[in-house]
Amino acid sequence: MTKRAILSEKAEDNKAAAEWGIKQAELLQKSEEITRRLVEKYIPIILSRNMKGAVRNKDDGTF
């Protein structure tokens, strides 16, 4: 696919589509950053709780 494509004969339609695309890219970038920060924050907590549960179950002889 080429880097440029004609979306419409009207320049203002193409401009609006380009602005929408830029906004979507910004939102995607923000959501990826938020997800990265949440993963960094909560994965250690979740793993720690899972390990505590596994140790407790091992001591009880349950699964």
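This is a predicted model: local features need pLDDT of at least 70, side-chain atom pairs count only at pLDDT 80 or more; totals for chains, interfaces and linings use all residues.

**Salt bridges**

Tutor: Glu 33 forms a salt bridge with Arg 36, with 2.5 Å between the closest N and O atoms. A salt bridge here is a side-chain nitrogen of Lys or Arg within 4 Å of a carboxyl oxygen of Asp or Glu.

Student: Where do Glu 33 and Arg 36 lie?
Tutor: Both are in helix α1, residues 11-60. They sit 3 residues apart, about one turn of the helix. Helices are DSSP runs (H or I, at least four residues), and strands are runs of E, at least two; numbering starts from the N terminus.

Student: How many salt bridges in total?
Tutor: The count comes to 3 salt bridges.

Student: What does Arg 37 pair with?
Tutor: Glu 33, with the closest N and O atoms 3.4 Å apart. Arg 37 and Glu 33 are 4 residues apart in helix α1, about one turn.

Student: And which residue does Arg 36 meet besides Glu 33?
Tutor: Glu 40. Their side chains meet in a salt bridge at 2.5 Å, N to O. Arg 36 and Glu 40 are 4 residues apart in helix α1, so about one helical turn separates them.

Student: Which residues end up linked?
Tutor: Glu 33, Arg 36, Arg 37 and Glu 40 are linked in a network of salt bridges.

Student: Why can such side chains pair at all?
Tutor: Side chains of opposite charge can pair when their charged atoms come close.

Student: New topic. Is Glu 40 buried or exposed?
Tutor: Exposed, with a relative accessible area of 51%. The cut-offs are buried under 20%, exposed over 50%, partly exposed in between (1.4 Å probe, protein chains only).

Student: How exposed are Glu 33, Arg 36 and Arg 37?
Tutor: Glu 33 is partly exposed at 31%. Arg 36 is partly exposed at 38%. Arg 37 is partly exposed at 46%.

Student: What about the whole chain?
Tutor: The protein chain has 1 helix and 0 strands. Of its 63 residues, 3% count as buried.

Terms used. Residues are numbered from 1 along each chain as its sequence is written. Side-chain values use heavy atoms; hydrogens and water are left out.
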